[in-house]
Amino acid sequence: MISNKDKKIVKDALWDNNPITYQILGICSALAVTVQMKTALVMSVSLTLVVAFSNVAISLLRNYIPSKIRIIVQLSVVSALVILADQFLKAYMFDVSKQLSVFVGLIITNCIVMGRAEGFAMQNPPFRSFLDGLGNGLGYSCVLIVVSVFREVLGSGTLLGFQVVPQAFYDAGYVNCGLMVLAPGAFFLLGAVIWVQRSISGYVEQ
Amino acid sequence: MINKNSTVYTFGFALVVCFACSLSLAVVSEGLRPQREINEELDVKKNILKAVELKTPVTPSMKSQEILELYDAKIEEKVISLDGQMIGDKKPSEIKDGEELYPLYVYKENGQIVSYAFPVYGKGLWSTIYGYLALEADGTTVRGVTFYKHGETPGLGGEVEKVWFQENFKGKKIWDAKTQTLHPVAVVKGKVADKVSKTEQKFYVDGISGATMTGQGVTDFLDRWIRVYEPYFQNIRNTQTP
């Protein structure tokens, strides 16, 4: 059922064409929600769902959307999905939704979502678009999770809220790295992630 | 085949998309409303408990049920009128729109009044900021404050929800004992130590850099609400000073 070409769609988005490290999209939210792993996970799940389902919806509509208003139609579909996700978070994960504050709403303006809708779903059938959305969402999630693990451990000494740096370290004079809690810390980490990934993949800027 | 580029088709398509989107949003929003309201009520109660600085504070690991029990045990819900009279048999949830009545939350420890909290809200820069202000039993000193709901820019105006900003308010005065006048606590632009003379510092808190307008908004609505509750606290002060 899943052809090699389909697999390649997902694999590409995860590695060779990763939305964050290769296309450098969605950086704003990647900085904002990675202070703690919990918010990063919730953001990852929300974004992956939104990207996958907006791709499906746009792909189903692709032959009916008048080209003159295609962007605004994409935007309406994406915003409706994002608000749905926000409503569910408010109802069932109230504390997390408060921490994510405006960033759930800002999924609407996340370049990845609109980029995949316009760049992929408008030309491809629904199932393939779904895979593309899933792949891109997961590609985004991987980077977010890596960054958030480093930020939470180094910045707060915890992981998912549990203390991982032993008290003995603090007694011996160890101090949490304040930089990691702030946005610049995420920039450095993101740079490092991109560096590592590109030196493995051998990607060279044209 | 219909002409996809015709004006009629374009308008028709736009209408259908709008209708489908709004319908699904309305259905989901209505469906989840009860669950959302439970969360919001819990959040309000948690914030009242936070503002009055409980002797045994609420910890993040507490279950909702424990928080509600703690709230019921420690907080008495009262209603006051504009001229500072307590309306005995009314609860804040029974206040109807348009009535000139205001909720007041009284924190008691072993029957002794420790603090009074009341809701404060008003415009920041982009949004309405909601919070609670708690005064000590003397009716002149800020015991604590929380701002729990807002739509200000994270990192700038959004700092109002942060601990460092709210800690600033503790121990500040709203009443000038020397001149016997009301002096609601205000947010300055910059640091209090640089802007305000030593004797006045007890009426001011540090501002948030990059969020002067939000600070101005907070100053304005604190002033408004402190004045609304002033008749009541006036009575309290009068009964306390011999």
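Okay, let me start with one residue: B:E53 is partly exposed, with 16 other C-beta atoms within 10 Å. Partly exposed falls between buried, meaning 20 or more other C-beta atoms within 10 Å of a residue's own, and exposed, meaning 12 or fewer, with C-beta atoms placed from the backbone. This is a predicted model, where local features need pLDDT of at least 70, side-chain atom pairs count only at pLDDT 80 or more, and totals for chains, interfaces and linings use all residues. Residues are numbered from 1 along each chain as its sequence is written, while chains are lettered from A and ligands numbered from 1 in the order in which they are written.

Most residues other than glycine have a negative phi. You'll find B:E53 in the loop between α1 and α2 (64-74) of chain B; helices here are DSSP runs (H or I, at least four residues), strands are too (E, at least two), and both are numbered from the N terminus. B:Q180 also has a positive phi of about 55° and isn't a glycine. That residue is in the loop between β7 (175-176) and β8 (181-182) of chain B, and B:Q180 is exposed, with 9 other C-beta atoms within 10 Å.

Back to α1 of chain B, residues 7-51. A straight helix of 45 residues would span 66 Å at 1.5 Å a residue, but this one spans only 57 Å between its end C-alpha atoms. The expected span is 1.5 Å times one less than the number of residues. Where does α1(B) bend? At B:R33, by about 50°, and B:P34, a proline, follows within four residues. That bend is the angle between axes fitted to the seven residues ending there and the seven starting there.

Now the cores: sets of buried Ala, Val, Leu, Ile, Met, Phe, Trp, Tyr and Cys residues joined through C-beta atoms within 7 Å. The largest has 46 residues, and A:V50, A:L81 and A:V147 touch the most other members. The top contributor is α3(A), giving 10 residues. Apart from that lies another core, of 40 residues, B:A51 and B:V120 among them.

Last, the chains meet: 20 residues of chain B are in contact with 18 of chain A, contact being C-beta atoms, placed from the backbone, within 7 Å. And the scores are ipTM 0.73 and pTM 0.71.

Definitions and conventions
Two residues are in contact if their C-beta atoms, placed from the backbone, lie within 7 Å.
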